[in-house]
Amino acid sequence: MFKNYIKIAFRNLLRNKGFSTINIAGLAVGMASAILILMWIYNEISYDKFHANRDYLYEVWNRGVFDEKLQCWNSTPKILGPTLKEEYPEIVNIARQESRWFVTKAGEKKISTQALITDPAFLSMFSFPLVQGDPRKALENVYSIVVTEKMAKKMFGTEDPMNKIITIDQDHFTVTGVLKDLPLNTDFQFEYILPWAYMKKTGADDDYWGNNSIRTFVQLVAHANAASVNEKIKNTTIKHSNGAEEQEIFLHPIGKWHLYSNFENGEIVGGRIAIVRLFGVIAAFILLIACINFMNLSTARSEKRAKEVGIRKVAGANKGLLISQFMGESVMIAFIAGLLALLFVQLSLPSFNTLLGKAFEVPYANLYFWLTFILFIVFTGMIAGSYPAFFLSSFQPVAVLKGTFKKAHAAVNPRRILVVLQFTFAIVLIVSTLMVAQQIRYAQNRDIGYNREQIVYHWVTGDLTKNFPSLKNELISSGIASSVVRATGPLTANWSDTWGIQWQGKDPNDKTDFDRFTQDQGLVKMAGLKLVEGRDMDLVQFPTDSTAMIINESAAKAMKFKNPVGQIVIDDNVAYHIIGVIKDFVLSSPYEPTKPMIIEGCKNYFFNIINMKLTDRYSTAESLQQIEKLFKKYNPHYPFEYHFVDEDHSLKFRDTQRVATLTALFAGLTVFISCLGLFGLAAYMAENRIKEIGVRKVLGASVFNIAALLSREFLVLVLIAIVIASPIAWYAVYRWLQGYSYRIGMQWWVFGLAGGMAIFVSLITVSFQAVKAALANPVKSLRTE
């Protein structure tokens, strides 16, 4: 019997090639889309879940009131980790993390690389296995270095890296271990590990409880109660700073680092999990829409199989047996579609990986993958075949065999509901795509408050500090750069903030958080910052500008200064005098409001960045060639590695643009699958009404009249979908926009455009079949009458 069912199923497929192709293609595209999304979702939810100690690993966070809000942040004092381990027996291991970029040298090779500076316990706390070396001893020596396989290959090629020497800032490190390359699903990013003892050696370690500058990880004893430990440790900073620091600390579990990083009023409110859920819903609906196509086309052709059902029932088949037969046919079609979907996935993976910046692969050698894939196919087949199976098996044999069986033409039937559901979801996705694109464009067009064009920056490395005056003079005198300015960080990122500054008249309870930036001189002119009053820093004309300060308008407002120029602000025991006020400019996120900001002179800070404003004398390529020659002249032992400020600014939109691109991609696929089903339904409708169309043509109906008649039913369904989708899309987009302080308003034309696109696409799809039917020769359709 099973063999007979398979034979009948294949005959049906071959007999109705057009509908079979639409059914299989729709399911395949839907399944491929779902598989790609599920691969990404699995990667996201598996972040840092591979660590053997994951149930006991936590990151220490701070929680305190600043800017009149209860805020949370994960930068901590360097002294916190050792203190926690010493005072609380529930904490068995700690590891501090300082991330830095160094130029590493081995022989003639010099490359800029990312280091993780941490405590020796890091390798036992986290499951980053060593392929060479002993994890218990690899970081014992101050000049030990543990490299990843990728880093080892960069530095030494195919040679054995163990015990080789790597030079960093004139210090020589011995390779004591080789780490397996980091997996895709971890938030840790580094190419090699240096011991924390190196921080002490270079004087970068300190025991100041107000210096929140590193990340701290802890490992609890097995079966420790995290809530109880949180209660014990929460006042550690307050206690050891004698109340000078007022923030509490708490433990954030490793399982929530990646997906739950947003806090409001001291509590987790989400993070990337919102995007994961969004695409989970998209995957489910795309698959559902593909299944709806199958349901609609199967039930639309119900009359073709009505006699088969009648004969089987008369021969003794019960309803359960028929349901099993039709469900089996659906699963078989799903298997064919599944194999085709796997081919689509394989072909699209390179582009998908490029879009996401990932390196996903289909794990063909993994048994669990094939088991999951088979379950996925069976599930899809069961969902797609459920309604047709129950619908077809419910036919009454007497009515069917007498020829009195008629198809229902109710105003509301399941097929119409399913079409409306398809287009409702498609319209919601189209609206979402348009609104995300509008939000990105809105932020990109925001006045950021400075001119980012033609500004190049380079890290301060090697001899650049010593040779900076000569380098600056040559850059300007040669006409390559109009100005050269050193700073603690780039113009596109906030690397420092403070709430501890003092000024006359400050409220003792004021906890305003200020972005902090440092320059030597000339930043206002170079970046085109807009002075409201006062002047820029100029150490040549005003040597005391090493203790000068420029503030933005938000800072002047926060400090309640009516006449800010000349006021004294104390930061880190240095008295700075305000010499200018600038308009606010965007230092960090373009989606957030600007914060109060102070720009300090160079009295108390070292510089990390050299900014250069290029002139129009040379092309950009020629300017970079000239700059490289000068950098090699004054810093011969280090590579020339430059960055453009405008490119860094563009990177701030990358994640949102990826969401927009993915949403647009899957919105397009949703519309395609929906139209594929609509095309099939229209073709079947035209086939069923071929004689009616012939009669109408004989009686004088025009091609336009007939095409309009056949298209009207589907147009009404799309209009109903627009009405249902609009409020759903409005609510979804409104909730998404609440995550941005700087955001667009809801725009009615977006909903009109989305509805218009849905109507246009559906009319094109249906009209093709309608016009084809209207143009057919009525003689052929009426010949049998």
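A salt bridge, as the term is used in this talk, is a side-chain nitrogen of Lys or Arg within 4 Å of a carboxyl oxygen of Asp or Glu. The model before you is a predicted one, and a search of the whole structure finds 22 salt bridges in it.

The protein has 785 residues, of which 50% are buried. Its secondary structure comes to 24 helices and 25 strands. Among contacts between residues at least 6 apart in sequence, 79% join residues at least 24 apart.

The largest nonpolar core holds 48 residues, and Leu 27 and Phe 352 have the most contacts inside it. Several helices give two or more residues to this core, among them helix 9, helix 11 and helix 20. Helix 2 gives the most, with 13 residues. As for Phe 352, its contacts beyond four places away in sequence are Leu 36, Trp 40, Phe 360, Leu 662 and Phe 666. A second, separate core has 33 residues, including Phe 19, Ile 22, Ile 430 and Ile 722.

Next, a helix with a buried face. In helix 3, residues 80-87, the buried residues are Leu 80, Gly 81, Thr 83 and Leu 84. Viewed down the helix axis, these residues fall within an arc of 165 degrees, so they line one face of helix 3. Their cover includes strand 1, strand 3, strand 10, helix 7, helix 8 and strand 11.

Let us return to the salt bridges. Asp 119 and Arg 96 meet through their side chains at 2.8 Å, N to O. Asp 119 lies in the loop between strand 4 and helix 4, and Arg 96 in strand 3, so the pair ties together parts 23 residues apart in sequence. Are these two partners buried or exposed? Asp 119 is buried, at 9% relative accessibility, and Arg 96 is buried too, at 5%.

Asp 447 and Lys 530 also form a salt bridge, with their closest N and O atoms 3.3 Å apart. This pair links parts of the chain 83 residues apart. Here Asp 447 is exposed, at 55% relative accessibility, while Lys 530 is partly exposed, at 39%.

Finally, the surface. Val 716, Ile 720, Ile 724 and Ile 728 form a nonpolar patch there, with about 310 Å² of accessible area together. Ile 720 is found in helix 22, residues 703-737, and counts as partly exposed at 39% relative accessibility. Thank you for your attention.

Key
Residues numbered from 1 in each chain as written. Predicted model: local features only at pLDDT ≥ 70, side-chain atom pairs only at ≥ 80, totals over all residues. Heavy atoms only, no water. Patch = residues over 30% accessible without salt bridge, like charges linked within 9 Å, V, L, I, M, F, W, Y side chains within 5 Å. Areas by Shrake-Rupley, 256 points an atom, 1.4 Å probe, with all protein chains shown as cover. Helix = DSSP H or I, 4+ residues; strand = E, 2+ residues; numbered from the N terminus. Buried < 20%, exposed > 50% of the residue type's maximum accessible area, 1.4 Å probe, protein only. Core = buried A, V, L, I, M, F, W, Y, C linked by side-chain atoms within 4.5 Å. Contact = heavy atoms within 4.5 Å. Arc of directions from axis to C-beta.
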